[in-house]
Amino acid sequence: MSLKAENEARLKLQPPRSVAVVHFSGTGGARLVARSFEEDLLQRGIQVTPKALDRSAASQHASDEDALADKAEALILVFAVHAFDAPDPVYRWVEEAHGGGRRTAVISVSAGGEPWPNTGCRQRVISALEGRGFVVNYEKMMVMPCNWVVAIPDGLAALLVRALPSKVALVLNHFLAGETRRRPGRMSRSRALISKLEKLGARRFGSRVEVSEACTACGWCERNCPVVNILLVNGKPVLGSDCVMCFRCVYGCPHGALKAHDFQVLRQGFSIPSAMKRMEGIEALPPEAYCKGPLWAGVLAYLGDRDGY
């Protein structure tokens with residue numbers, strides 16, 4: 001029996017007693033998914049180590065989290081799809097992570113679901129994890145509200161957020177039982193090239209961000225940039241060349257002072273909590289009322305539990 005087969009057989013013997021939930025999130029969707037996993041695991045009596053792949057000054061206890069994450073018996077990695085791939089901070093973490101034969105679930109998060117062009121978005125990071133000794137036996141796409149190019153109605157945002165706990169519970173039922181659920185597919189050469197170019201372009205996103213007179217030099221953007229790419233210079237934020245285009249600074253500025261003249265940024269802003277607050281006491285319409293046309297096929301399949309598993 002091969003080492004991989006031995007590891008897979010061992011994982012099916014008993015559920016893990018501890019799980020590290022590692023995530024990277026720009027504007028909150030992937031963070032919401034990660035927290036849902038954490039809450040469900042705790043309810044099942046499983047020890048949870050949460051870790052945000054966030055280098056911002058607002059993130060604390062990183063070294064302690066790393067040590068605890070390395071000791072957890074299993075791993076759940078959550079990230080928002082970026083350029084048909086995982087964001088660069090995820091790869092930086094994988095380069096230092098220790099697998100040790102631990103069972104691992106890779107959970108990608110997008111606004112469009114699993115169909116093209118997201119097919120294969122997890123493959124490179126899965127290969128990287130396996131190269132570090134992780135046993136990736138589960139992968140899945142979660143769908144969260146869109147923060148990029150196309151704004152969605154509050155009703156659809158509410159449907160996605162309200163469906164999250166049941167989606168997470170189903171994933172954990174399979175994952176904790178040691179089931180292997182992997183999708184065939186890979187990232188094509190053309191998408192790999194586009195991904196590389198888009199990530200290179202993202203580093204220059206900061207040069208397209210303007211600071212308006214509404215800026216109060218409060219330092220929120222400097223403290224909360226997940227890749228430490230913003231510095232206050234003479235009382236004004238300056239974005240460097242290590243941007244991952246997560247949009248956290250643009251959408252999160254408490255004064256709305258950062259403006260990006262880019263078609264990818266939603267002019268009305270983006271906030272999942274705000275959308276959910278507006279939907280308090282309001283019943284959302286059926287998914288079909290929001291998901292019309294091929295662009296929304298993946299979302300409709302996800303909400304209708306027709307996305308495979």
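Predicted model: local features only at pLDDT ≥ 70, side-chain atom pairs only at ≥ 80, totals over all residues.

Residues are numbered from 1 along each chain as its sequence is written, and side-chain values use heavy atoms, with hydrogens and water left out.

An open sheet is formed by 5 strands in the order β2-β1-β3-β4-β5, with parallel pairing; its edge strands, β2 (47-52) and β5 (135-143), each pair on one side only, and the twist averages 15° from one strand to the next. Strands are DSSP runs of E with at least two residues, and helices are runs of H or I with at least four; two strands pair if DSSP finds at least two bridges between them. Strand β1 (residues 18-24) is joined to β2 by 6 bridges in the parallel sense, and Val21 has Pro50 as its bridge partner in β2. Helix α6 (residues 154-176) packs on the sheet, touching β3, β4 and β5, where contact means heavy atoms within 4.5 Å.

Elsewhere, β7 (residues 230-233) and β8 (residues 236-239) run antiparallel and are joined by 4 bridges, Ile230 being partnered with Leu239. The hairpin they form has 2 residues between the strands, and Asn234 in the turn has a positive phi of about 55°.

Leu295 lies in the loop between α11 (287-290) and α12 (297-303) and is exposed, with a relative accessible area of 59%; buried means under 20%, exposed over 50%, and partly exposed in between, using a 1.4 Å probe and protein chains only.

Key: Axes fitted to C-alpha atoms, helices over the stretch in contact; angles between N-to-C directions.
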